[in-house]
Amino acid sequence: MKKGKKLYEGKAKIIYATNDKNLVIQYFKDDATAFNNQKKTTIEGKGVLNNRISEHILSNLSQIGIKNHLIKRLNMREQVIKLVEIIPIEFIVRNVATGSITQRLGIEDGTILKEPLIEYCLKNDKLGDPLISEEHILTFDWATKKEIDKVKKLILRINDFMIGMFRGVGIKLIDFKLEFGRIKIDGKNEIILADEISPDTCRLWDSITDKKLDKDRFRKDLGDLIPAYTEVAKRLGILHEQSNVSAVNVTKLSSIKRRKK
Ligand code: 5GP
């Protein structure tokens with residue numbers, strides 16, 4: 001497979017064309033941003049860990065029949081994915097109230113929700129990804145009723161699966177963000193899971209201590225983001241228990257791989 005020109009650069013990932021018009025390469029950057037790009041830095045090794053963790057979760061979801069864009073991981077920072085038309089909505093799934101919902105609605109931090117709550121945000125950096133309702137989605141044709149109903153069903157299955165997967169390794173799945181894309185498969189229009197699922201897009205708390213093992217370590221200046229993401233990878237069995245993945249080691253691994261190419 002030949003890597004072609006850059007098609008799109010987002011805050012944490014870059015999409016490159018390939019010689020197959022249906023496939024693209026997704027490159028995971030080390031850039032971290034928060035609060036609508038007002039806070040920015042580079043955290044060496046973050047992209048490598050997100051690439052591995054997202055590959056693991058999406059492959060597992062594939063095995064339970066949740067169609068998604070992942071074809072295969074290529075190397076430390078890249079994966080081949082199906083080209084989809086991204087639905088311009090961030091689907092937020094909450095099991096426990098924290099983050100923006102506590103500020104917006106005055107809900108006490110850590111409140112366990114009696115059912116998973118799905119929220120919709122318009123994917124628009126200039127507007128700061130505003131919260132929208134299903135009626136907005138239908139009024140402005142961002143997605144059809146059929147698509148939203150399908151996505152809601154998928155979200156609940158994904159949430160159930162991920163809660164169980166993380167619970168098994170001593171982690172609480174607090175909330176997360178998903179993106180979906182439109183694609184034609186065998187001439188039929190389908191909606192599949194896209195983007196990434198990683199500690200950048202989920203809130204993950206240690207089951208016993210409530211220690212944050214996700215991007216809130218950056219958002220809230222808690223430090224030790226790489227050790228936290230490494231801990232998630234180790235618990236999921238992606239990295240060997242004994243491997244000492246410091247930022248320096250991850251960077252070294254990346255550059256060794258780059259030199260080999
Ligand atoms: P909140 O609305 O509380 O800020 O975020 C809810 C969940 O969605 C968190 O797990 C957060 O990581 C994820 N999320 C919401 N918006 C974004 C986004 O623009 N980028 C990323 N990476 N995650 C997001």
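The model is predicted: local features need pLDDT of at least 70, side-chain atom pairs count only at pLDDT 80 or more, and totals for chains, interfaces and linings use all residues. Residues are numbered from 1 along each chain as its sequence is written, and side-chain values use heavy atoms, with hydrogens and water left out.

Five strands form an open sheet in the order β1-β2-β3-β7-β6, with antiparallel pairing. Strands (E, at least two residues) and helices (H or I, at least four) are DSSP runs, numbered from the N terminus. Two strands pair if DSSP finds at least two bridges between them. The edges are held by β1 (3-9) and β6 (70-73); each has a single partner strand, so one side of each lacks a neighbour in the sheet. Strand β3 (residues 23-28) runs antiparallel to β7 (residues 78-82), joined by five bridges. Here Val24 stands opposite Ile81 in β7. Helix α1 (residues 46-63) packs on the sheet and touches β3, β6 and β7. Contact means heavy atoms within 4.5 Å.

The ligand is surrounded by 16 residues, each with a heavy atom within 4 Å of it. The closest are Arg94, Ser100, Asp175, Arg203 and Arg219. By class, the shell has three nonpolar, four polar and nine charged residues; Asp, Glu, Lys and Arg count as charged, Ala, Val, Leu, Ile, Met, Phe, Trp, Tyr, Cys and Pro as nonpolar, and the others, Gly among them, as polar. A polar side-chain atom of Arg94 lies 2.8 Å from a ligand oxygen atom. For the side chain of Asp175, an N or O atom is 2.6 Å from an oxygen atom of the ligand.

Definitions and conventions
Axes are lines fitted to C-alpha atoms, for helices over the stretch in contact, and angles run from 0 to 180 degrees between N-to-C directions. A polar contact is a pair of N or O atoms within 3.5 Å; within protein, one must be able to donate a hydrogen and the other to accept it, and residues adjacent in sequence count only if both atoms are side-chain atoms.
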